Amino acid sequence: MTSQAQPHAEHFDAHGHKDHGHTIVSVATLRTVLALLLFFTLLTVGATLVEVWIADTFNVLIPQWVNVFVALSIAAVKTVIVVMFFMQLKYDNPLNTMIFVFTLLTVCFFLGFTVLDLGNRGTIDRFKEGHILRGGTGLGTGMPITQSSKIAAVTNQTYDEHLAHHAHHGPRLPITEAGYVSKVPLAGSSAQRSKPVQGITLEGLSVPAAQTEDEHGEGPAH
Amino acid sequence: MATIDLGKHGAHGSAPVNDDRPYHERYQAAHHFVDREHEFDAVKMGVWLFLSTEVLLFSGMFVAYAIFRMMYPDAFLSGSAHLDYRWGLLNTVVLLLSSYTVAAAVRHAQTGNQKWLQINIILTFIAGLIFLTIKGVFEYYKKYSEGLLPGKFYSYPYAENVPYEPLWWGIYWGATGIHASHVIVGMGLFAWLYVRSRKRHFGPGHYNAVEGVGLYWHIVDIVWIFLFPMLYLIH
């Protein structure tokens, strides 16, 4: 009984399902791909070394994104080569390529929105930037986080109520700068800086442990 | 590119009882497939779907990496400075070579070259072993003895006063650890492939397992292609 005798097989072939067999990638192609991959590996290391050398020799500060962009671009090229020739997507059913491409698209969404969020917190939410509460939510203070952080900002003298309301009297500032005393460094941690969280030690925002101890300490004196 | 004809041997139960042809020639596709070609395509798509879940698994770690690197770049710089990029480079080369041997193994299965199919499977297994040895002896063990461990286990005595460096070590150990566990699983699969190739299970007509394991190994390689610059080449 041959496949021709099976109606399913005929149906299959009629829809252009590959009946021409599988592609055997030639040895020359495989070796070229390997050579390219090794070359790009050395290139990514070389790019880093050159970047360090430039930064040291000419005493310039190269932003981090240059390093990340170069490294990820080279890695992406290597991935495309591996996927096309070693994993044979170039010769394969296009459906498999679709699966892989949509997966990568999903990963791009994950990374893209993460970077958009973290990268822009300082710009659009400047008010909260320097005053992330310990524990993160500000819950338990009995007020919204925006209000508690504003109180903290005023107390820490990084925010000027008067300037905020009368910014138009002074020098023109971008809206995100309004009300902030720019010379006072912002306290606490932020998405852009690696600093330990200072927390907020405002009275009324938290119950300091020391106070409770003092009350106990006064006890025996009575 | 040369092509091979798989033939349509989908007729079930038609093989003679005393068939002394090699396994890959007398292999019959499972009864719910039209023929071996049909089965091959289904297996391959199944593997690709699995690989996409693998990519999503690792993407979680890449996102965590992005978040913490943006929040604490100093911690990542000082943490990465503890790594020697030359070990990472060597391991990258080892994995790329193993990707080549896997691709060669698939090719030899397609052409029915049993001897070189087995040799390439062994070579890939050895490459995995070398990778894990370098990782374990020269990196994991060293970092472990220095106390460069994630989270609360971090006990490096000469900390350069960079807060949140334990977070970096959490990312490092987490990402490379899950990757290394994939290498271990891959080596188990290659041991299985070797046993089957000794029994001449694979040939032009049937090499689904070689193809599937090969694809898995390539994805593990690709993950390392990204991990290498992200962990070792930060400055």
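In which helix of chain A is A:Asn67 found? In this predicted model, A:Asn67 belongs to helix α3 of chain A.

View 1. Setting aside neighbours within four places in sequence, its contacts comprise A:Thr48 and A:Glu51 together with B:Ile234 and B:His235 of chain B. A:Val52 lies 15 residues from A:Asn67 in sequence, and the C-alpha atoms of the two residues are separated by 9.8 Å.

**View 2. Helix α4 of chain B, residues 85-111.** At 1.5 Å a residue, the 27 residues of α4(B) should span 39 Å, and the distance of 39 Å between the end C-alpha atoms agrees with this. Of these 27 residues, 19 are buried, so the helix is largely enclosed by the rest of the structure. After α4(B) comes B:Gly112, which has a positive phi, near 75 degrees.

**View 3. The largest nonpolar core, with 71 residues.** The residues with the most contacts inside this core are B:Ala105, B:Val210, B:Val223 and B:Leu227. At least two core residues come from each of α2 (27-57) and α3 (64-86) of chain A, and likewise from each of α2 (36-71), α3 (73-80), α4, α5 (114-146), α6 (165-198) and α7 (208-232) of chain B. The most is given by α7(B), which contributes 16 residues.

**View 4. Contacts of B:Ala105.** Beyond its neighbours within four places in sequence, B:Ala105 is in contact with B:Leu117, B:Asn120, B:Ile121 and B:Thr124, as well as with B:Val210 and B:Gly214. B:Ala105 and B:Val210 are both among the residues with the most contacts inside the largest nonpolar core.

**View 5. The buried face of helix α3 of chain B.** B:Ala75, B:Phe76 and B:Gly79 are buried in this helix.

**View 6. Confidence along chain B.** The mean pLDDT of chain B is 88, with 91% of its residues at 70 or more. Over residues 7-14 of chain B, pLDDT stays under 50; the model has 21 contacts beyond four places in sequence for this segment. Where pLDDT is low, predicted coordinates should not be read in detail. The model scores ipTM 0.87 and pTM 0.73.

Key: Residues numbered from 1 in each chain as written. Chains lettered and ligands numbered in written order. Predicted model: local features only at pLDDT ≥ 70, side-chain atom pairs only at ≥ 80, totals over all residues. Helix = DSSP H or I, 4+ residues; strand = E, 2+ residues; numbered from the N terminus. Expected span 1.5 Å × (residues − 1). Buried ≥ 20, exposed ≤ 12 C-beta atoms within 10 Å, placed from the backbone. Core = buried A, V, L, I, M, F, W, Y, C linked by C-beta atoms within 7 Å. Contact = placed C-beta atoms within 7 Å. Arc of directions from axis to C-beta. pLDDT = per-residue confidence, 0-100.
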